[in-house]
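This report looks at a few residues, where each one sits and what surrounds it. Keep the sequence and the structure in view while reading.

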Amino acid sequence: LAPGRGAFAGLPRPGSGCVGELCGALADFARDLHVAEVQMRNQRAEVGLSAPSAEELRTWRRCQGDRPDFVERYLAPPGGASASSSMSFNTYMALVGVSFLETGLSGAQLCPGGADRAVTVENVQEFVELATRFWLDSGVYGQLEAFRSGLNEVVPVECFTAFDAAELRDMICGQDSVEWGERELLDHLHPSGGLTEHSPAYQHLVAVLLDMDQGNRSRFLDFVSSCPRFPPGGIDSFHV
């Protein structure tokens, strides 16, 4: 797999409301390491210097692993609050015990002895490649084949060629973003149990929901419906 974002775009990212968000964060970190290394080689070539040696690259990578802004740059969800404390890649990996497992913290081993193999700045690219293969290929192949076979018994799978991938994703998985305004919430949130639209608790709930970022909106939907997304049609098609 190439280290560009496209190869790893299917991995969940912080704020997506899905398990495995750490894999996507590490994919972005590995991509940025690769891009910076390429830029370093190009800059040296432009001034007539030789490419950096393997030892120079290892030293540079270790320095990147010690940068104190890893959590802020890669683990904070888009539009969410900034990390409350600075922490480097190396410190975070050691603190939470990230290893070669399906999510980095739990699940199937990505390689023999993966549970005992720590993720480091030297092998993070390998971890991301193995995690991507597991998440998007080997780890789900059996389930996809079973789903395809069962679906084909009801609707011939050839029928789905009428839709592109984005349309199928929206129909099956729902909308990517969770959008609502005050009017939509007032129209769909119906107070009960003695509460009215004028009750402070009800008004506070509406205010909190309006103030939520995308990550927390997804988590709220997951809490009340076991699904972090709206169905096609948005809040108007959502019933709990």
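## Terms and model

A residue is called buried when its relative accessible area is under 20%, exposed when that area is over 50%, and partly exposed in between. The model shown here is predicted.

## Ala118, in a loop

Ala118 lies in the loop that runs between helix H5 (89-96) and helix H6 (124-138). The relative accessibility of Ala118 is 44%, so Ala118 counts as partly exposed.

Which residues does Ala118 contact, leaving aside neighbours within four places in sequence? The contacts of Ala118 are Val98, Ser99, Phe100 and Asn123. Trp60 is 58 residues from Ala118 along the chain, and the C-alpha atoms of the two are separated by 20 Å.

## Arg61, in a helix

Arg61 belongs to helix H3, which covers residues 54-65. Is Arg61 buried or exposed? Its relative accessibility is 12%, and because buried means under 20%, Arg61 counts as buried.

Residues up to four places away in sequence are again not counted for Arg61. With those set aside, Arg61 touches Leu33, Glu37, Val121, Glu122 and Val124.

## Ser226, after a helix

Ser226 is placed in the segment that follows helix H11 (214-225). At 63% relative accessibility, Ser226 is over the 50% cut-off and therefore counts as exposed.

The backbone angle phi of Ser226 is near 65 degrees. This is a positive value, and Ser226 is a residue other than glycine.

Conventions:
Residues are numbered from 1 along each chain as its sequence is written. This is a predicted model: local features need pLDDT of at least 70, side-chain atom pairs count only at pLDDT 80 or more; totals for chains, interfaces and linings use all residues. Side-chain values use heavy atoms; hydrogens and water are left out. Helices (H or I, at least four residues) and strands (E, at least two) are DSSP runs, numbered from the N terminus. Buried means under 20% relative accessible area, exposed over 50%, partly exposed in between (1.4 Å probe, protein chains only). Contact means heavy atoms within 4.5 Å.
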